Amino acid sequence: MRRLPHWLAPSCAALIAAAPAAAASPGATIVSALAGPPKASFLARVQAGEIGGVILVGRWAPAELSATTTQLHAAGCAIGRPLLILVDQEGGFARRLTWAQPDHSAADLGHLGIGETDLEARRAATQLRNAGIDVDLAPVTDTLGPGGFLRGRSFGTDPALVGALAVTYVRALQAGRVAATAKHFPGLGAARENTDDSVVTVWKTALEPFIQAVRAGVKLVMVSSASYPRLDTTGTPDAMASMTLPGVLSTVVVFRKMSARSSHDPTSERGTRPVRVMRSPTPRSRVVARNRWRLPSPLSGPTIVISTDGYSRA
């Protein structure tokens, strides 16, 4: 069995190894939001094994960010469970770190092409890695539909273009030792309202860009919280209730507030597989993943739950 790339192993190995035993250690798959330098109480939660990763929200100055990621990584390593540190850095107006690349939005890169996308993603990887970031929650791999709320966050309206640029971004970012995230599977491009604010149903979506990203070796896939009646035959209104990442996720994963369970073996003869990322469901949500949709077999792995509700400033 192949090992993780050496640059990702120190941060990711603990989550992947812990996934089959997540019922016994749910904190291993929980990502908590942080909007400022961590207080002792937050670091104590890390050292107690209650948090498997941290997503940075708000705005961060370079020196403040570096000091924070150093503290967080040290707290995780102290208990032998290194953290994943994540940030939303899509590009242009959609980035947490305004001093870091990509300078252009996804829509701009859609016009500028593969060369500029590759260049800006490589520069972003260097800056993020130097700042102590392990995961970029990008690229947006959704194909924009008429009136789609994502607008400039998507590479465009042509699935072939979106797929090509998503693959370019993934490969460039990961060549710089930062894990990429294809989102929002199976596609939010046709959604006219933001799923953060509304209950959304999507009737048509382009899966091909996600297939291409998986084949390109993307490390993570973020799952949409919209409903997809034409893909989900169970009749359940919440798409996540029957969502799988292509044919290989036979796991049953249940989330209630901040609990997570997974019995899936995240490895195979082909080596470690990508990690699924789900935003923390609302209190009404009950999420059960079943084996339904078909994408390339390499897409499988443990699930990370990201909670941004009541995020901590400490």
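The backbone oxygen of P139 lies 3.0 Å from a polar atom in the side chain of T141, a polar contact in the sense of an N or O pair within 3.5 Å, where within protein one atom must be able to donate a hydrogen and the other to accept it, and where residues adjacent in sequence count only if both atoms are side-chain atoms. The model is a predicted one, in which local features need pLDDT of at least 70 and side-chain atom pairs count only at pLDDT 80 or more, while totals for chains, interfaces and linings use all residues. Residues are numbered from 1 along each chain as its sequence is written, and side-chain values use heavy atoms, with hydrogens and water left out.

T141 itself sits in the loop between β6 (135-136) and α6; helices (H or I, at least four residues) and strands (E, at least two) are DSSP runs numbered from the N terminus. With a relative accessible area of 0%, T141 is buried, a label for values under 20%, with exposed meaning over 50% and partly exposed in between (1.4 Å probe, protein chains only). Beyond its neighbours within four places in sequence, T141 is in contact with V162, A166, A182, K183, P209 and F210, contact meaning heavy atoms within 4.5 Å.

Stepping back to the whole protein chain, its secondary structure comes to seven helices and twelve strands. Of its 314 residues, 58% count as buried. Among contacts between residues at least 6 apart in sequence, 75% join residues at least 24 apart.

Next comes the helix packing. Two packed helices are described by the angle between their axes and the distance between the axes. Here axes are lines fitted to C-alpha atoms, for helices over the stretch in contact, and angles run from 0 to 180 degrees between N-to-C directions. The axes of α5 (residues 114-130) and α6 (residues 159-175) come within 8 Å and cross at roughly 30 degrees. The two helices α5 and α6 are therefore roughly parallel (angles under 35 degrees; over 145 is roughly antiparallel, 65 to 115 roughly perpendicular and the rest oblique). Their crossing is right-handed, that is, the near helix is turned clockwise from the far one by less than a right angle, anticlockwise being left-handed. On the α5 side the contact involves I114, T117, D118, A121, R122, A124 and A125, which meet A164, L165, T168, Y169, A172, L173 and A175 of α6. These residues divide into ten nonpolar, two polar and two charged, with Ala, Val, Leu, Ile, Met, Phe, Trp, Tyr, Cys and Pro counted as nonpolar, Asp, Glu, Lys and Arg as charged, and the others, Gly among them, as polar.

Helix α6 also packs with α7 (residues 208-215), at an angle of about 25 degrees and with the axes 8 Å apart. That makes α6 roughly parallel to α7, and this crossing too is right-handed. P159, V162, G163, A164 and V167 of α6 make the contact with P209, Q212 and A213 of α7. By class, the α6 and α7 contact has six nonpolar, two polar and no charged residues.

Most residues other than glycine have a negative phi, and most peptide bonds are trans. A cis peptide bond joins K183 and H184, with omega about 5 degrees, and H184 belongs to strand β7 (residues 181-185). R151, in the loop between β6 and α6, has a positive phi of about 45 degrees.
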